[in-house]
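Good morning, colleagues. Please look at the sequence and structure first.

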Amino acid sequence: MQRILITPFVVLVKFYQHVISPLTPAACRYQPTCSHYTIEALQKHGLLKGSMLSLKRIFSCHPWGGSGYDPVPKVEDPLEKKSRK
């Protein structure tokens, strides 16, 4: 079910990567790029949390924002979370 929900968004990002991005100068300050980060965040965290992570990343990608290596956070295992309490 989750895969069905995120597929249209992944297709839009891939369209951007292959059609729009080559026409613009490289500007992303992060590794992985914001578009790759978005796809991975959607696949790992689902539509809601993945979208929120992606928007946060995109809004910080400017000259006064961050830069460098910034991977998608790992998915927390609920069982591991309970064992820490």
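This is a predicted model: local features need pLDDT of at least 70, side-chain atom pairs count only at pLDDT 80 or more; totals for chains, interfaces and linings use all residues.

Residues are numbered from 1 along each chain as its sequence is written, and side-chain values use heavy atoms, with hydrogens and water left out.

I begin with serine 54, which lies in helix H2, residues 34-59; helices are DSSP runs of H or I with at least four residues, numbered from the N terminus. Serine 54 counts as buried because its relative accessibility is 5%, where buried means under 20% relative accessible area with a 1.4 Å probe, protein chains only.

What does the side chain of serine 54 meet? A polar atom of that side chain lies 2.8 Å from the backbone oxygen of glycine 50. A polar contact of 3.5 Å also joins the side chains of serine 54 and threonine 38; such a contact is a pair of N or O atoms within 3.5 Å, and within protein one must be able to donate a hydrogen and the other to accept it, with residues adjacent in sequence counting only if both atoms are side-chain atoms.

Threonine 38 is likewise found in helix H2 and counts as buried, at 10% relative accessibility. The backbone oxygen of cysteine 34 lies 2.8 Å from a polar atom of the threonine 38 side chain.

Finally, arginine 57 belongs to helix H2 and, at 2% relative accessibility, is buried. A polar atom of the arginine 57 side chain lies 2.8 Å from the backbone oxygen of proline 32.

Technical notes. Helices (H or I, at least four residues) and strands (E, at least two) are DSSP runs, numbered from the N terminus. Buried means under 20% relative accessible area, exposed over 50%, partly exposed in between (1.4 Å probe, protein chains only).
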